[in-house]
Amino acid sequence: MNTAQTNDWTLVGQMVSLSCSNAKINQLSGLDKLIHLVDVDLSNNLITKTDAFADLTQLNTLNLSNNIIGKINGLDAQTELTSLDLSGNTNALCDDISSLEAAYGTTVVSAPQSCFTAVAIEDMTFTDSRMKG
């Protein structure tokens with residue numbers, strides 16, 4: 001039995017969850033019609049753009065890990081987002097990632113490894129809370 005029948009959906013707009021990982025998806029045309037989506041997993045595909053998510057304002061979780069996303073547009077207006085996974089997108093612009101981290105916090109956004117900032121050990125200060133002064 002398919003998911004639509006199981007959930008008694010009759011309209012495509014009733015979909016709240018979409019999981020299509022490893023499906024070789026490279027186009028997101030028509031996604032904007034699924035305005036009630038809450039959870040989306042499109043990891044491990046061939047997606048290059050994020051514009052299609054601009055009108056999906058009910059998203060809680062969005063997994064776009066391991067795609068080929070470069071410029072990130074349309075994700076800054078999400079008000080319900082609690083998890084955004086962009087890890088593995090080595091073409092992603094780190095300035096775009098930084099803007100998303102500033103908007104949502106680093107606990108919400110999973111950034112590509114290439115956007116992590118290296119900090120030299122000698123530049124760090126450590127405090128031992130067990131020491132009494």
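Which residues are exposed on the other side of α2? Here are some notes on that and a few other spots.

1. First, the ground rules. This is a predicted model, in which local features need pLDDT of at least 70 and side-chain atom pairs count only at pLDDT 80 or more, while totals for chains, interfaces and linings use all residues. Residues are numbered from 1 along each chain as its sequence is written, and side-chain values use heavy atoms, with hydrogens and water left out.

2. Helix α2 covers residues 94-104, and D96, I97, L100 and Y104 are buried in it. Seen down the helix axis, these buried residues fall within an arc of 100°, so they line one face of α2; the arc is that of the directions from the helix axis to the C-beta atoms. On the other side, D95 and A102 are exposed. Buried means under 20% relative accessible area and exposed over 50% (1.4 Å probe, protein chains only). Helices here are DSSP runs of H or I with at least four residues, and strands are runs of E with at least two, numbered from the N terminus.

3. The cover over the buried residues of α2 includes β4 and β5 (109-110). Just after the helix, G105 takes a positive phi of about 100°.

4. Have a look at Q78 too, in the loop between β3 (61-63) and β4 (83-85). Q78 is buried, with a relative accessible area of 3%. Leaving aside residues up to four places away in sequence, Q78 touches F53, A54, L56, T57, L59 and Y104, where contact means heavy atoms within 4.5 Å.
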